[in-house]
Amino acid sequence: MSHRQRENEASFRRIERIGEAVDYAGRSFEQFDLRPFLEVALGRMTFAAEHPRAFEYGTGTGPGACFLAARGFVVDAIDISPTAIALARRFAAERGLTISFAVGDITQLRPAGVAYDLVVDNYCLQHLVGDDERRRALATARSLLAPHGYFVVGTVLRRADRDFGDDHYDPSTGIIYRRIEGDPGPDAVRVGSEWRVAWRRIVLSPDALGEELRRAGLHVIHQDGARCLCIAAD
């Protein structure tokens with residue numbers, strides 16, 4: 001397990017101790033980060049089926065999946081964290097919602113032939129720091145889309161006033177490196193005199209995100225900063 005995965009799992013274990021439904025950062029479950037954009041995006045979508053199929057990756061504790069299921073979607077959702085998925089199942093059950101949750105990694109996912117009317121990246125892209133893993137994730141997302149399906153992605157945009165604290169930020173790539181103690185492990189890199197691990201990757205500009213999506217075969221039809229609504233490009 002990588003440093004990022006261990007830290008992610010530890011974060012969800014801390015959330016587990018809160019004892020109530022919250023999002024991945026311990027904030028409001030109902031007012032999760034992507035919700036405002038998702039509400040706008042849904043208003044721009046049309047579906048032939050009464051109950052469209054949706055797939056969410058990076059579901060965390062499941063607020064996005066629950067939001068969609070409560071609106072009539074048939075939802076499958078994955079997260080790389082077993083603790084997150086256990087919490088998501090619990091929070092969905094508390095709301096009387098039926099959602100198929102599973103532990104899974106979008107960069108390693110092998111599509112099982114199901115086509116989705118909507119695929120959602122719920123702030124997962126910021127956790128994918130390498131070019132190759134980002135390409136794999138977006139290629140898989142596109143491959144999951146049904147004809148005339150939609151893809152929604154939310155991620156983090158660079159802010160000039162952001163304070164990175166003890167983290168090291170590489171402005172040329174958008175990668176944030178976090179200092180690690182003890183055994184550096186195979187995923188650590190030297191930054192100056194310290195061992196660090198690539199922890200997050202923020203997008204450098206809305207145009208850069210749009211270009212990354214276009215390279216993945218996705219056509220952006222609506223964008224608000226680092227949140228995009230896409231369809232498959234012809």
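Predicted model: local features only at pLDDT ≥ 70, side-chain atom pairs only at ≥ 80, totals over all residues.
**The four-stranded sheet**

β6 and β7 are part of an open sheet of four strands, ordered β6-β7-β9-β8, with antiparallel pairing. Its edges are β6 (168–170) and β8 (188–191). Each has a single partner strand, so one side of each is left without a neighbour in the sheet. From one strand to the next, the twist averages 45 degrees.

**The seven-stranded sheet**

A second open sheet has seven strands. Their order is β3-β2-β1-β4-β5-β11-β10, and the pairing is mixed. Here the edge strands are β3 (100–103) and β10 (218–224), each pairing on one side only. The twist averages 20 degrees from one strand to the next.

Look next at β4 and β5. Strand β4 (residues 116–122) and strand β5 (residues 145–154) run parallel, joined by six bridges. Val120 has Val152 of β5 as its bridge partner. Asn122 has Gly154 of β5 as its bridge partner.

How many of the ten residues of β5 are buried? Eight are, and the strand is mostly covered. His148 is found in this strand, yet His148 is exposed, with a relative accessible area of 75%. Its backbone also stands out. Most residues other than glycine have a negative phi. His148 has a positive one, near 70 degrees.

Tyr123 is another non-glycine residue with a positive phi, about 60 degrees. Tyr123 lies in the loop between β4 and α5. Is Tyr123 buried or exposed? Its relative accessible area is 9%, so Tyr123 counts as buried.

Helix α6 (residues 206–215) has a buried side. Which residues of α6 are buried? They are Leu209, Gly210, Glu212 and Leu213. Seen down the axis of α6, these buried residues fall within an arc of 160 degrees, so they line one face of the helix. An α-helix has 3.6 residues a turn, so residues three or four places apart point the same way. The cover over the buried residues of α6 includes α5, β5, β10 and β11. On the face turned away, α6 carries the exposed residues Asp207 and Arg215. After α6 comes Gly217, with a positive phi near 85 degrees.

**Aromatic rings**

The model has six aromatic pairs. A pair of aromatic rings is described by the distance of the centres and the angle of the planes. Two of the pairs are set out here.

| Ring pair | Centre distance | Plane angle | Arrangement |
|---|---|---|---|
| Phe32 and Phe67 | 5.7 Å | 75 degrees | edge-to-face |
| Phe164 and Tyr169 | 4.5 Å | 5 degrees | stacked |

Phe32 and Phe67 link distant parts of the chain, 35 residues apart. Phe32 is in the loop between α1 (3–16) and α2. Phe67 is in helix α3 (residues 63–69). Both of these residues are buried.

Phe164 and Tyr169 are both buried as well. Their planes are at 5 degrees, so the pair is stacked.

Ring pairs also form a cluster, linking Phe47, Phe73 and Tyr150.

**Charges over a ring**

Which charged residues sit over the ring of Trp199? Arg178 has its charged end over that ring, 3.6 Å from the centre. The charged end of Arg200 sits over the ring of Trp199 too, 4.1 Å from its centre.

Technical notes: Residues numbered from 1 in each chain as written. Heavy atoms only, no water. Pairing = 2+ DSSP bridges. Helix = DSSP H or I, 4+ residues; strand = E, 2+ residues; numbered from the N terminus. Axes fitted to C-alpha atoms, helices over the stretch in contact; angles between N-to-C directions. Phe/Tyr/Trp six-rings, centres within 6.5 Å; stacked < 30°, edge-to-face > 60°. Buried < 20%, exposed > 50% of the residue type's maximum accessible area, 1.4 Å probe, protein only. Lys NZ or Arg CZ within 6 Å of the ring centre and 35° of its normal. Arc of directions from axis to C-beta. Contact = heavy atoms within 4.5 Å.
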